[in-house]
Amino acid sequence: MDYTIKLKKILSEVLELEDRLDSMTVDTILLGNIPELDSVAVVTIILTLEKNFSISISDDEVSAKTFETLGTLANFVEKKLANKNKQSFQDDAT
(Lines give C-alpha, C1' and ligand atoms only; values in the text may rest on other atoms or scores of the structure.)
Protein backbone atom coordinates (compact mmCIF):
# COMPACT_ATOMS: atom_id res chain seq x y z
CA MET A 1 0.00 0.00 0.00
CA ASP A 2 1.17 3.52 -0.77
CA TYR A 3 1.22 5.69 2.34
CA THR A 4 2.57 8.74 0.52
CA ILE A 5 -0.70 10.69 0.45
CA LYS A 6 -1.37 10.12 4.16
CA LEU A 7 2.23 11.10 4.99
CA LYS A 8 1.99 14.24 2.89
CA LYS A 9 -1.10 15.23 4.86
CA ILE A 10 0.67 14.56 8.18
CA LEU A 11 3.77 16.52 7.10
CA SER A 12 1.60 19.36 5.88
CA GLU A 13 -0.29 19.56 9.17
CA VAL A 14 2.79 19.32 11.39
CA LEU A 15 5.04 21.57 9.31
CA GLU A 16 2.31 23.86 7.96
CA LEU A 17 3.52 23.39 4.38
CA GLU A 18 0.34 24.67 2.70
CA ASP A 19 0.84 24.93 -1.10
CA ARG A 20 4.30 23.30 -1.04
CA LEU A 21 2.57 19.99 -0.35
CA ASP A 22 1.36 19.71 -3.95
CA SER A 23 4.89 19.63 -5.35
CA MET A 24 6.09 16.84 -3.04
CA THR A 25 6.90 13.45 -4.56
CA VAL A 26 8.46 10.28 -3.15
CA ASP A 27 11.83 11.70 -4.24
CA THR A 28 11.37 14.99 -2.36
CA ILE A 29 14.25 15.47 0.05
CA LEU A 30 12.99 16.21 3.54
CA LEU A 31 15.98 16.76 5.85
CA GLY A 32 17.93 19.83 4.86
CA ASN A 33 15.34 20.80 2.26
CA ILE A 34 12.38 21.79 4.42
CA PRO A 35 13.40 24.49 6.91
CA GLU A 36 10.50 23.67 9.22
CA LEU A 37 11.74 20.09 9.66
CA ASP A 38 13.87 20.50 12.76
CA SER A 39 14.42 18.12 15.68
CA VAL A 40 11.21 19.18 17.43
CA ALA A 41 9.23 18.66 14.22
CA VAL A 42 10.75 15.18 13.79
CA VAL A 43 9.58 14.21 17.29
CA THR A 44 6.12 15.62 16.56
CA ILE A 45 5.95 13.70 13.27
CA ILE A 46 6.98 10.47 15.00
CA LEU A 47 4.27 10.95 17.64
CA THR A 48 1.72 11.71 14.92
CA LEU A 49 2.74 8.60 12.96
CA GLU A 50 2.36 6.48 16.09
CA LYS A 51 -1.10 7.88 16.69
CA ASN A 52 -2.36 7.75 13.09
CA PHE A 53 -1.02 4.30 12.26
CA SER A 54 -1.28 2.73 15.74
CA ILE A 55 2.40 1.81 15.70
CA SER A 56 5.19 2.13 18.22
CA ILE A 57 8.48 3.69 17.13
CA SER A 58 11.55 3.42 19.33
CA ASP A 59 14.44 5.87 19.26
CA ASP A 60 16.85 3.30 17.85
CA GLU A 61 14.61 2.71 14.81
CA VAL A 62 14.79 6.28 13.59
CA SER A 63 17.75 7.83 11.83
CA ALA A 64 18.41 10.63 9.39
CA LYS A 65 17.98 8.04 6.63
CA THR A 66 14.35 7.53 7.74
CA PHE A 67 13.61 11.20 7.01
CA GLU A 68 15.84 11.49 3.94
CA THR A 69 12.95 11.63 1.44
CA LEU A 70 9.20 11.26 1.47
CA GLY A 71 9.75 7.82 -0.06
CA THR A 72 12.10 6.62 2.69
CA LEU A 73 9.61 7.78 5.31
CA ALA A 74 6.79 5.97 3.48
CA ASN A 75 8.91 2.79 3.30
CA PHE A 76 9.62 3.04 7.02
CA VAL A 77 5.91 3.32 7.86
CA GLU A 78 5.06 0.47 5.47
CA LYS A 79 7.63 -1.82 7.13
CA LYS A 80 6.40 -0.87 10.62
CA LEU A 81 2.84 -1.72 9.64
CA ALA A 82 3.87 -4.98 7.99
CA ASN A 83 5.75 -6.00 11.14
CA LYS A 84 2.78 -5.00 13.29
CA ASN A 85 0.40 -7.06 11.16
CA LYS A 86 2.80 -10.02 11.14
CA GLN A 87 3.12 -9.88 14.93
CA SER A 88 -0.65 -9.60 15.32
CA PHE A 89 -1.13 -12.64 13.07
CA GLN A 90 1.43 -14.63 15.08
CA ASP A 91 -0.24 -13.63 18.34
CA ASP A 92 -3.63 -14.74 16.99
CA ALA A 93 -2.17 -18.08 15.90
CA THR A 94 -0.94 -18.95 19.39
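## An exposed residue in a predicted model

Glu-16 has a relative accessibility of 59%, so this residue counts as exposed, the cut-off being over 50%. The model described here is a predicted one. Glu-16 sits in the loop between α1, which covers residues 4-15, and α2. Its phi is positive, about 55°, although Glu-16 is not a glycine.

Glu-18 is found in the loop between α1 and α2 as well. Phi of Glu-18 is near 50°, again a positive value in a residue other than glycine. With a relative accessible area of 63%, Glu-18 is exposed.

## Confidence of the prediction

The average pLDDT of the protein is 90, and 91% of the residues score at least 70. Among the elements, helix α2, made of residues 39-53, has the highest mean pLDDT, at 96. The lowest mean, 83, belongs to helix α3, which runs over residues 70-93.

## A negative patch on the surface

Which residues gather in a patch of negative charge on the surface? They are Glu-16, Glu-18, Asp-19 and Asp-22.

## Salt bridge between Glu-36 and Arg-20

A search of the whole structure gives 3 salt bridges. One of them joins Glu-36 to Arg-20, with 2.5 Å between the closest N and O atoms. Both Glu-36 and Arg-20 lie in the loop between α1 and α2, so the pair ties together parts that are 16 residues apart in sequence.

How accessible are the two partners? Glu-36 is partly exposed, its relative accessible area being 28%. Arg-20 also counts as partly exposed, at 35% relative accessibility.

## Salt bridge between Glu-61 and Lys-80

Another salt bridge is formed by the side chains of Glu-61 and Lys-80, at 2.7 Å from N to O. Glu-61 belongs to the loop between α2 and α3, while Lys-80 is in helix α3, so this pair ties together parts that are 19 residues apart in sequence.

Is Lys-80 buried or exposed? At 15% relative accessibility, Lys-80 counts as buried, because buried means under 20%.

## Salt bridge between Glu-68 and Lys-65

The side chains of Glu-68 and Lys-65 also meet in a salt bridge, with an N to O distance of 3.2 Å. Glu-68 is partly exposed, with 35% relative accessible area. Lys-65, in contrast, counts as exposed, at 57% relative accessibility.

Ser-12 has its place in helix α1. Its relative accessible area is 15%, and Ser-12 is therefore buried, the limit being under 20%.

How far apart are the C-alpha atoms of Ser-12 and Ile-45? They are separated by 10 Å, while the two residues are 33 residues apart along the chain.

Notes. Residues are numbered from 1 along each chain as its sequence is written. This is a predicted model: local features need pLDDT of at least 70, side-chain atom pairs count only at pLDDT 80 or more; totals for chains, interfaces and linings use all residues. Side-chain values use heavy atoms; hydrogens and water are left out. pLDDT is the predictor's confidence in each residue, from 0 to 100. Helices (H or I, at least four residues) and strands (E, at least two) are DSSP runs, numbered from the N terminus. Patches are made of residues with over 30% relative accessible area and no salt bridge: like charges are joined within 9 Å, nonpolar side chains (Val, Leu, Ile, Met, Phe, Trp, Tyr) within 5 Å. Accessible areas come from the Shrake-Rupley method with a 1.4 Å probe; for residues, only the protein chains shown count as cover. A salt bridge is a side-chain nitrogen of Lys or Arg within 4 Å of a carboxyl oxygen of Asp or Glu. Lys and Arg count as positive and Asp and Glu as negative; His and the chain ends are not counted. The place of a charge is taken as NZ of Lys, CZ of Arg, CG of Asp or CD of Glu. Buried means under 20% relative accessible area, exposed over 50%, partly exposed in between (1.4 Å probe, protein chains only).
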